[in-house]
Amino acid sequence: MNVLNIQNAEKSFGELHVLKDISLTVDKGEVVSVIGPSGSGKSTLLRCATLLERLDGGLLSYMGENVAETVNGKITYAKDLKHFKQYFGLVFQSFNLFPHYTVLKNLTDAPVSVLKRNPKEVKEEAMELLDKMGLADKADSYPYQLSGGQQQRVSIVRALAMKPEILFFDEPTSALDPELTGEVLKVIKQLAEQKMTMVVVTHEMPFARAVSDRVIFMDGGVIVEQGDPEDVFGNPQSERTQQFLRNYQK
C-alpha cells in the first residue's frame, strides 16, 4: 500500500515555478532519498507533503485518503488536516525543539496533548526510545545543554513518539559538523533497518546510496531521474544527473 501518494504536484511562489508536475509514491517500509542542487524544489516538495505549504495543483494522499485534490482546475484541501498530520513526522535541519521544555517534556507533550494518550504510557515509551538512542541520561536536560547531534537525535525521537506511518527528514545533518553528522546518519540507518518508511532530503551521497531503496534526483522543479541507488549513482542515465554527481565527487 502507498503510504504517500503525490500526483502532478504544482507549486509556485509568485513568478517562480518551484514544483512542475511532480509525481511520486512511497510504499510502506520504503526509504526514498531525494537529492539535487540547491533550489531544485526538494525542500518545497517536503513542505507541501507535510502541509507546511499548500499545493497549487495536483493530488496528495496518505494511506489512500486524499488530503488535497484538484477538481475542475481548483485545488481543494480536506477540512480535517489534523487527522492527516498524525500520519507523518518531520525532522528539520534546525532541530526545532522547545527550548523551555526538558528533553522528556519535548517528547511527551504532543502525544499527551494532541493524541490524548495516557501520560504514564507515553513517558515509558519516550524513555525507551531515548535509551535506544543512547540518550536516557539526558531526559531532564534542556536542549541548550545538548550537542547539535544530541538535539537532532532528540528531534528524531520526538517525531517517532507520535507513531507516524512515515518520517520526513529535511537535510537532517546540514547544521552539524562531520563528527555529529555520523551520529545522526547512524540513527536513520537503524530506522531503515527496522523498515521505517522514510523520505530523506539529503546532500550526503554515500549515505543515500547505502540506505535508500530508491533515489530521486530533482532539478529545476522536476524529477529528472529516479531508481535503484546503484543505478542512479553508478550509471546515471540523464546528462544532468551525471553532471551533478561529478561535481559532488570532486
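Predicted model: local features only at pLDDT ≥ 70, side-chain atom pairs only at ≥ 80, totals over all residues.
How do the residues of the lining of the largest pocket divide into nonpolar, polar and charged? The lining comprises 12 nonpolar, seven polar and four charged residues.

## The largest pocket

The volume of the largest pocket is about 750 Å³. Its lining is made up of 23 residues, and those closest to the centre of the pocket are Lys-85, Phe-88, Leu-90, Ala-110 and Met-162.

Several elements contribute to this lining. At least two residues each come from helix H2 (81-85), strand S7 (88-91), helix H3 (103-113) and helix H5 (148-161). Among the contributors, H3 gives the most, with five residues.

## The second largest pocket

The second largest pocket holds about 410 Å³ of space. It is lined by 19 residues, of which Leu-129, Lys-132, Leu-160, Leu-191 and Gln-194 are the closest to its centre. By class, the lining of this pocket has 11 nonpolar, two polar and six charged residues.

Helix H4 (119-132), H5 and helix H6 (178-193) each supply at least two residues of this lining. The most comes from H4, which gives six residues.

## Aromatic pairs and the aromatic cluster

Across the whole structure, six aromatic pairs are found. In one of them, the ring centres of Phe-88 and Phe-168 are 6.1 Å apart and the ring planes stand at 75 degrees, so the pair is edge-to-face. Because Phe-88 belongs to strand S7 and Phe-168 to strand S8 (residues 166-170), this pair ties together parts that are 80 residues apart in sequence.

Are Phe-88 and Phe-168 buried or exposed? Both residues are buried. They also belong to one aromatic cluster, together with Tyr-62, Phe-84 and Tyr-87. Phe-88 therefore links two topics of this report, because it is a member of the pair with Phe-168 and is also among the residues closest to the centre of the largest pocket.

## Charged residues over aromatic rings

Arg-54 lies over the face of Tyr-77, at 4.1 Å from the ring centre. Lys-105 lies over the face of Tyr-101, with a distance of 4.6 Å from the ring centre.

Technical notes. Residues numbered from 1 in each chain as written. Heavy atoms only, no water. 1 Å grid on protein atoms, 1.4 Å probe; cavity = no way out; pocket = protein on both sides within 12 Å on 5 of 7 lines; lining within 4 Å. Points joined across faces, edges and corners; volume = space filled by probe spheres on them. Helix = DSSP H or I, 4+ residues; strand = E, 2+ residues; numbered from the N terminus. Nonpolar A, V, L, I, M, F, W, Y, C, P; charged D, E, K, R; others polar. Phe/Tyr/Trp six-rings, centres within 6.5 Å; stacked < 30°, edge-to-face > 60°. Buried < 20%, exposed > 50% of the residue type's maximum accessible area, 1.4 Å probe, protein only. Lys NZ or Arg CZ within 6 Å of the ring centre and 35° of its normal.
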